[in-house]
Structures are given as C-alpha cells and as structure tokens.
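Try each task yourself, then walk through the solution.

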Amino acid sequence: MTDSLVQAFWERGAAEGWSDVDQAVAAAADVVGKPVVVREEAFLAAEPVCGFVATLEHAHLIMISPTASPTFRAFVIGHELGHVLHRHQEHAPQAAYIRDVIPDLPEYKVERALARGLFENEFERQAELFADQLATLIRDHRTRPSAFRGVFG
C-alpha cells in the first residue's frame, strides 16, 4: 500500500507539474485521503529539530520551525511528507507505547528519544530522499531558478 501511495503521488506530480511545495501538500492530502495541515511553530526555533509530523485521527499535522527561506521551508515540508506518504507512523509501535506511558510528552521528543532524527535510521533516510526528489520535481517545473539568497534564511 505504501508503495502505491508514493507512486500515485509522483505520478500526480509529474502530470500536474508542481512548481511549489504547497501544491505537493494538497496532492498528498488527496492521495492519503486525509488533510495535511502545515503550521509554523515558534517553539521549534529553540529545538534541535526543524519539523515533525503528528498523525491525528482526521489529519496529518506538519509543524515546522519558522524560516525566511522558502527553499528551506519546502525541503522540511517535503521531508515530513515523505514520512506521511511512506506511512512511517504505522511502523512505530514504540512511539505509541511511550505516548501511552507519558501522555504529556510532545511527539517530537518521543521521536528524538527513539533516534528517528538520525539519518542512520531507515525512516529518516527515506524521508530525506523523498524531500530531495520533491525538490527536483518542483525545480524542474519552475520557469526560473530560485534566488540563491532565499536558500539560507
């Protein structure tokens, strides 16, 4: 099922020619059949993570650190979309157990505790590759290159 979601997402991206990440977010919501909501969260600016996704009953909530860089924003969102479309939340029973035992612990701290922020982890590697592929698709459909100064914000 995961492969079919990812494949459907990439086929739609190629057919529609997305030129920004918000188009990809809307398509991801359609593909998974659940809204994908993106919010900038100021508290993440002081944390060692740039973003995370919380899968709720009726939506996927992607929270990202505020940034002035549209390129950085797009990459972080793309990474989190990778987690959503690969359905990584379904493969983390340890996280569910920790949330049951310590319900007030924020999701991103659970993920950090489980080392999901390390790129030696297969979920993180898949999400990074997904974000790279999405960035390439978006870049290939823009009429002009991104401004370099927007990369670091």
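Before starting, a word on sheets: two strands pair if DSSP finds at least two bridges between them. Helices (H or I, at least four residues) and strands (E, at least two) are DSSP runs, numbered from the N terminus. This is a predicted model, where local features need pLDDT of at least 70 and side-chain atom pairs count only at pLDDT 80 or more, while totals for chains, interfaces and linings use all residues. Residues are numbered from 1 along each chain as its sequence is written, and side-chain values use heavy atoms, with hydrogens and water left out.

**Exercise 1. Work out the strand order of the sheet, and find which strands stand at its edges.**

Step 1: Read off the order. The open sheet has three strands, arranged β1-β3-β2 with mixed pairing.

Step 2: Look for the edges. β1 (36-40) and β2 (51-55) each have a single partner strand, so one side of each is left without a neighbour in the sheet.

Step 3: Zoom in on one pair. β1 and β3 run parallel and are joined by five bridges. V37, for instance, has L61 in β3 as its bridge partner.

**Exercise 2. Where is S65, and is it buried or exposed?**

Step 1: You'll find S65 in the loop between β3 (60-64) and α3 (70-85).

Step 2: Judge its accessibility. Buried means under 20% relative accessible area, exposed over 50%, and partly exposed in between (1.4 Å probe, protein chains only). S65 comes out at 13%, so S65 is buried.

Step 3: List its contacts. Leaving aside residues up to four places away in sequence, S65 touches E41, L44, A45 and C50.

**Exercise 3. How many salt bridges are there, and how far apart are the closest N and O atoms of E16 and R12?**

Step 1: Count. There are five salt bridges, each a side-chain nitrogen of Lys or Arg within 4 Å of a carboxyl oxygen of Asp or Glu.

Step 2: Take E16 and R12. Their closest N and O atoms are 2.6 Å apart. The two sit four residues apart in helix α1 (residues 2-16), which means about one helical turn separates them. E16 is partly exposed at 44%, and R12 is partly exposed too, at 26%.

Step 3: Finish with E122 and R125. Their side chains meet at 3.1 Å, N to O. They are three residues apart in helix α6 (residues 122-140), so about one helical turn lies between them. Beyond this pair, shared partners join R12, E16 and D30 into one salt-bridge network.

**Exercise 4. Which residues of α2 are buried?**

Step 1: Find the helix. α2 covers residues 21-32.

Step 2: Pick out the buried ones. They are V21, A24, V25, A27, A28, A29, V31 and V32.

Step 3: Look just past the end. There, G33 takes a positive phi of about 75°.

Definitions and conventions: The expected span of a helix is 1.5 Å times one less than its number of residues. Contact means heavy atoms within 4.5 Å.
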